[in-house]
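Me: I am new to this structure and would like a close look at a single part of it. Could you take me through the sheet and the aromatic rings on it, step by step?

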Amino acid sequence: MSVNIYVGNLSYDMTEGKLGELFGAHGAVTSAKIITDQYSGRSKGFGFIEMKDSQEADNAIKDLNGKNILNREMKVNIAKPKTNNWR
């Protein structure tokens with residue numbers, strides 16, 4: 001089962017490719033996505049990584065949470081399930 005990881009406080013210079021490489025050092029990355037503003041196309045400063053193996057994902061979270069990358073201290077943890085709280 002794959003693990004979805006939230007990555008926050010990303011530098012606006014971070015790319016999906018760089019983010020995938022960063023987590024790829026810890027194991028197999030299924031996808032890397034940086035969330036962008038729909039109007040400007042600019043990064044919102046957070047994204048998601050999907051990894052195949054839960055142990056590799058745990059190791060990546062432990063190693064990368066709080067790490068300074070591109071002058072920003074990343075916040076890394078298991079992503080919360082998506083909910084539909086709007087009405």
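**The sheet and its aromatic rings**

Reply: Happy to! Strand S1 (residues 3-8) and strand S3 (residues 43-51) pair in the antiparallel sense, with 5 bridges between them. Please keep in mind that this is a predicted model.

Now widen the view. S1 and S3 belong to an open sheet of 4 strands, which follow the order S2-S3-S1-S6 with antiparallel pairing. At the edges are strand S2 (29-36) and strand S6 (75-78), each of which pairs on one side only. On average, neighbouring strands of this sheet are turned by 20 degrees against each other, with direction ignored.

Helix H1 (residues 16-24) lies across S1, S2, S3 and S6, and runs at about 140 degrees to S2.

Next come the rings. In general, a pair of aromatic rings is described by two values, the distance of the centres and the angle of the planes. A search of the whole structure gives 3 aromatic pairs. One of them joins tyrosine 6 and phenylalanine 48: the ring centres are 5.9 Å apart and the planes stand at 65 degrees, so this pair is edge-to-face. The angle decides this, because planes over 60 degrees apart count as edge-to-face. This pair links distant parts of the chain, since tyrosine 6 is in strand S1 and phenylalanine 48 is in strand S3, 42 residues apart.

Phenylalanine 48 has another ring partner, phenylalanine 46. Here the centres are 6.1 Å apart and the planes are at 85 degrees, so this pair is edge-to-face as well. Put together, Tyr6, Phe46 and Phe48 form one aromatic cluster.

Arginine 42 lies over its face, 4.1 Å from the ring centre. The charged end of arginine 72 also sits over the ring of tyrosine 12, at 5.8 Å from its centre.

Definitions and conventions. Residues numbered from 1 in each chain as written. Predicted model: local features only at pLDDT ≥ 70, side-chain atom pairs only at ≥ 80, totals over all residues. Heavy atoms only, no water. Pairing = 2+ DSSP bridges. Helix = DSSP H or I, 4+ residues; strand = E, 2+ residues; numbered from the N terminus. Axes fitted to C-alpha atoms, helices over the stretch in contact; angles between N-to-C directions. Contact = heavy atoms within 4.5 Å. Phe/Tyr/Trp six-rings, centres within 6.5 Å; stacked < 30°, edge-to-face > 60°. Lys NZ or Arg CZ within 6 Å of the ring centre and 35° of its normal.
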